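Hi there,

Here is the structure I promised to pass on to you. Could you open it next to this email and follow along as you read?

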Amino acid sequence: MTHVAVIGGGYAGMAAAVELAEHRIPVTVFEAAPQLGGRARRVDYRDTALDNGLHILIGAYGETLRLIRLVNPAHASALLRLPLEWNVHREFRLAAMRLPAPLHLLGGLLRAQGLDISERLAAIRFLRALRKHDFTLPQDISVELLLKQHDQSEKLRRVLWRPLCVAALNTPSPIASAQVFLNVLRDSLNAARDASDLLLARVDLSELFPEPAASYIEQRGGAVLRSQRVTAIDPLDHGFAVETDGRRQTFSHVIGALPPHQVNAFLIGITALSDIVDTIARLHYQPIHSVWLQYPASLTLPSPMLGFTRSLIHWVFDREKLCGQRGLVGAVISGEGTHQELTQDELGLRVHQELKQRLGDLPDPLWQRVIAEKRATFSCTVGVRRPPQVTPLTNFYLAGDYTASDYPATLEAAVRSGIICARHILQQR
Ligand SMILES: Cc1cc2nc3c(=O)[nH]c(=O)nc-3n(C[C@H](O)[C@H](O)[C@H](O)COP(=O)(O)OP(=O)(O)OC[C@H]3O[C@@H](n4cnc5c(N)ncnc54)[C@H](O)[C@@H]3O)c2cc1C
């Protein structure tokens, strides 16, 4: 009898389990943490719901948005949908126009503030050249080299393309894969107008999808076990034994939806998976620091999400505008840098001082909380190899943002990977 074990209750694992539960396939999710969501989960601190990391979704995240709509009865109010607006504080502003695609973007670029006319036209020429080749490169190169080949000025790179690259791939442009970057541009900037919309969560990231997904799965007879760390997955003649806390349960299929740096511990020694183990072992990672500052009063940022260049901070989010959390802001620092040498108190103070310099006088925060994710995403470098979801070991699958995908390590890549695993199991029946 089919009974699927999903190991890991992040977006990938929950997407796989929802897809199976929708077709009434018995499924059990094992999640090591008390909270569902993995790298996109709620973190409770001083009676305040924070997120492990501040996240941006885009309209092109078709599968993530479809599953949120399927499981979350409050989906309409859970996300703030904004027409594309790229706001780099006092340096640059690009806002899509209310025109059909691609005029919404062309018009937006023509009217972009902070670039001279030759730079605006160069950006348009760049997009037209990419479209001519269907956003496909004969061979992968770095984003920085691609920008150079298309005569994008230093200012254009600094205020538009590099921040876009880091926001999408969490990898610096000199090493980032231009092909994966173009895949994201193709599906967002080159598609229907709403594909380039920015979607910002108005609830915490566990409440957005994983928690309603758990209710959906349970209503269809599945089980979602929190605080259940899996310690071993043993292939049997027909199926698998999954061990937690000394207890063994057997399943017909296993979907390993673990983070990439943890999955190999379960795969090493399984001959059929040795290539996959090797591919995963070669991945490198990029950090993201999220710095939360609770001010005693409202701050009112110029927009719910504001970018900075020449600053330690890349983005700052106004949680009062988004979630009604008065005086709470979250700052994002992507990638490696000297900020990693600071203590959490020092980093919080630096972020507060930078915000003060740029936004004007601010009161001292009541508290601060730094969440450092050393391995926030894998490094999406030129030609990076990623393992497949359907593995050579019969009935054993891998889901996760690091598995083979057009997309970089994102919620959408994670969700799509879970769906691929589930559909493969469904097809076998
Ligand atoms: C700070 C930060 C900011 C980000 N910003 C964005 C963004 O703006 N937009 C975007 O699209 N993406 C963003 N991402 C990336 C996105 O969060 C990830 O791509 C996605 O959450 C990965 O989901 P996943 O299910 O593949 O893995 P994970 O979320 O890592 O899930 C794996 C799960 O497995 C569980 N687990 C581990 N070991 C065991 C075990 N032995 N037994 C049982 N369970 C186990 C973990 O607890 C975890 O819940 C960001 C990530 C971070 C960290």
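Predicted model: local features only at pLDDT ≥ 70, side-chain atom pairs only at ≥ 80, totals over all residues.

**The core**

Let's start inside. The largest nonpolar core has 131 residues. The members with the most contacts inside this core are V6, A15, A16, A17, V18, F181 and I217. As general background, nonpolar side chains tend to be buried together in soluble globular proteins.

Setting aside residues up to four places away in sequence, I217 touches A17, V18, A21, V27, V29, G222 and V224.

M14 is another one to look at, and you will find M14 in helix α1, residues 11-22. M14 counts as buried because 33 C-beta neighbours lie inside 10 Å, and the cut-off for buried is 20 or more. Apart from neighbours within four places in sequence, M14 is in contact with G9, V29, L36, F209, P210 and A213.

**A mostly covered helix**

How many of its 11 residues are buried? The count is 9, so α8 is mostly covered. Those buried residues are A178, Q179, V180, F181, L182, V184, L185, D187 and S188. As for what they pack against, the buried residues of α8 meet β5 (57-58), α5 (117-132), α6 (143-149) and α7 (154-169).

**How the helices pack**

- The crossing is right-handed. On the α1 side, the contact uses Y11, A12, G13, A15, A16, E19 and L20. On the α15 side are L411, A414, V415, S417, G418, I419, C421, A422, R423 and I425. By class, this contact has 12 nonpolar, 3 polar and 2 charged residues.
- α11 with α12: these helices span residues 260-267 and 274-281, and they pack at about 155° with their axes 10 Å apart. That angle makes α11 roughly antiparallel to α12, since anything over 145 degrees counts that way. The crossing of α11 and α12 is left-handed. P260, V263, N264 and L267 of α11 make the contact with I276, V277, I280 and A281 of α12. These residues divide into 7 nonpolar, 1 polar and no charged.
- α5 with α7: the angle here is about 65°, and the axes are 10 Å apart. α5 passes α7 in a right-handed crossing. The contact is made by E119, A122 and A123 of α5 together with K155, L156 and L160 of α7. Sorted by class, the contact of α5 with α7 has 4 nonpolar, no polar and 2 charged residues.

While you are at α5, have a look at I117, which is found in that helix. Is I117 buried or exposed? I117 counts as exposed, because 8 C-beta neighbours lie inside 10 Å and the cut-off for exposed is 12 or fewer. The C-alpha atoms of I117 and A40 are separated by 40 Å, and these two residues are 77 apart along the chain.

**Backbone details**

- A cis peptide bond joins A101 and P102, with omega at about 0°. P102 is found in the loop between β8 (92-95) and α4 (103-110).
- R24 has a positive phi of about 60° although R24 is not a glycine. R24 sits in the loop between α1 and β2 (27-30), and R24 counts as exposed because 10 C-beta neighbours lie inside 10 Å.
- D134 also has a positive phi, near 55°, in a residue other than glycine. D134 lies in the loop between α5 and α6. D134 is exposed, with 9 other C-beta atoms within 10 Å.

Happy to go through any of this with you on screen.

Best wishes

Methods: Residues numbered from 1 in each chain as written. Axes fitted to C-alpha atoms, helices over the stretch in contact; angles between N-to-C directions. Helix = DSSP H or I, 4+ residues; strand = E, 2+ residues; numbered from the N terminus. Parallel < 35°, antiparallel > 145°, perpendicular 65-115°, else oblique. Left-handed = near helix turned anticlockwise from the far one by under 90°. Contact = placed C-beta atoms within 7 Å. Nonpolar A, V, L, I, M, F, W, Y, C, P; charged D, E, K, R; others polar. Core = buried A, V, L, I, M, F, W, Y, C linked by C-beta atoms within 7 Å.
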